[in-house]
Amino acid sequence: MPYQHSSTPPAGAATTPQSLPIQSTPHSQGSSSHYSYQSQNHQSDYKPYLKEDLKHQYMVTFDEFLNEILHLASDWIEQNASRISDIVYTQSFGNMVSEYREPVTHETSRYPPFIIIANHIINQLDHNPDSNICFCRNDPIIVGGSRAERKPDVAGVRYQSLRVSERSSVDNLMKDGPDGACFWWTEVLLFLEFKLIRRKLLEDLVQAALTRDRSSSPFSPCVFRPPLLD
């Protein structure tokens, strides 16, 4: 039988994986999949994608997060270790965390306390207000600059992005996001999606991931438990 090359399906082609030819490039199963921008989906549609993402979450140390995610140099972390401790061990910070952990019925209630915590930590460190990052609510506003029409829950942007009059401040965006002056993808440095997930579901997925990884690796993985759960 002659060898056949895999082919990426053309734009606007079949709208279901079942209708694609066998040689087509398979679609990503995680939530980062770019499959079918035009379809309108509901929670029941994307739950399988979230389950797939949750299979690949691991615990990282705070220093690893600063170094690998925020790209802060190791020497900066060492030099500022006491300052970081001074921030996270204060009563005010503890109150913020307690408020974030309060039971909620909808994920939108998680946005304000998270934004307050994140921006508080940033503001306690030395920074240049003209260039440093701040966290803002974006939901339910679609980010401009793409036909994908995505509306991430929380966006990380530079302080300069708040100089647009319709945005004005982080607090001004807490209720409705940047309504009237959407963020553009060229402004967004990073974004966050919040999901309320039943704890039993997460525990089952974590156990499955541990069982799978231990059977294929001599090392025992550490599992990252996301702080966005009820």
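In what order do the elements of the protein run from the N terminus on? I read them off as α-α-α-α-α-α-β-β-β-α. The model is a predicted one, and I kept that in mind for every entry below.

**Overview**

I counted seven helices and three strands in the protein. I then looked up burial: of the 230 residues, 30% count as buried. For contacts with a separation of 6 or more, I noted that residues 24 or more positions apart account for 60%.

**Sheet**

I went to the strands next. The three of them form an open sheet in the order β1-β2-β3, and the pairing is antiparallel. Which strands stand at the edges? They are β1 (133-137) and β3, each with a single partner strand, so one side of each has no neighbour in the sheet.

I checked the pairing of β1 with β2 (residues 154-158) in detail. Five bridges join these two antiparallel strands. For C136 I looked up the bridge partner in β2 and found A155.

Which helix packs on the sheet? I found α6 there, touching β1, β2 and β3. The direction of α6 makes about 170 degrees with that of β1.

**Helix α5**

I listed the buried residues of α5 (residues 91-100), and they are F93, M96 and Y100. They cover an arc of only 60 degrees around the axis, which puts them on the same side of α5. On the face turned away from that buried side I found the exposed residues Q91 and E99. What do the buried residues of α5 pack against? I noted α4 (81-88) and α6 as their partners.

I came back to Y100 for its ring. The charged end of R110 sits over the ring of Y100, 5.2 Å from the ring centre.

**Aromatic pairs**

I searched the whole structure for aromatic pairs and got four. For F114 and F194, I noted ring centres 5.4 Å apart and planes at 75 degrees, so this pair is edge-to-face. F114 lies in α6 (residues 111-124), while F194 is in the loop between β3 (190-192) and α7 (199-216), so the pair ties together parts that are 80 residues apart in sequence.

Is F194 buried or exposed? I looked up a relative accessibility of 2%, so F194 counts as buried.

I then turned to W185 and F191, which form an edge-to-face pair at 5.8 Å centre to centre, with 70 degrees between the planes. W185 has 27% relative accessibility and therefore counts as partly exposed. F191 is also partly exposed, with a relative accessible area of 44%.

Which residues do ring pairs link into a cluster? I wrote down Y111, F114, F135 and F194.

**Recap of α6**

F114 of α6 is paired with F194 from the loop between β3 and α7.

Terms used:
Residues numbered from 1 in each chain as written. Predicted model: local features only at pLDDT ≥ 70, side-chain atom pairs only at ≥ 80, totals over all residues. Heavy atoms only, no water. Phe/Tyr/Trp six-rings, centres within 6.5 Å; stacked < 30°, edge-to-face > 60°. Helix = DSSP H or I, 4+ residues; strand = E, 2+ residues; numbered from the N terminus. Buried < 20%, exposed > 50% of the residue type's maximum accessible area, 1.4 Å probe, protein only. Lys NZ or Arg CZ within 6 Å of the ring centre and 35° of its normal. Pairing = 2+ DSSP bridges. Contact = heavy atoms within 4.5 Å. Axes fitted to C-alpha atoms, helices over the stretch in contact; angles between N-to-C directions. Arc of directions from axis to C-beta.
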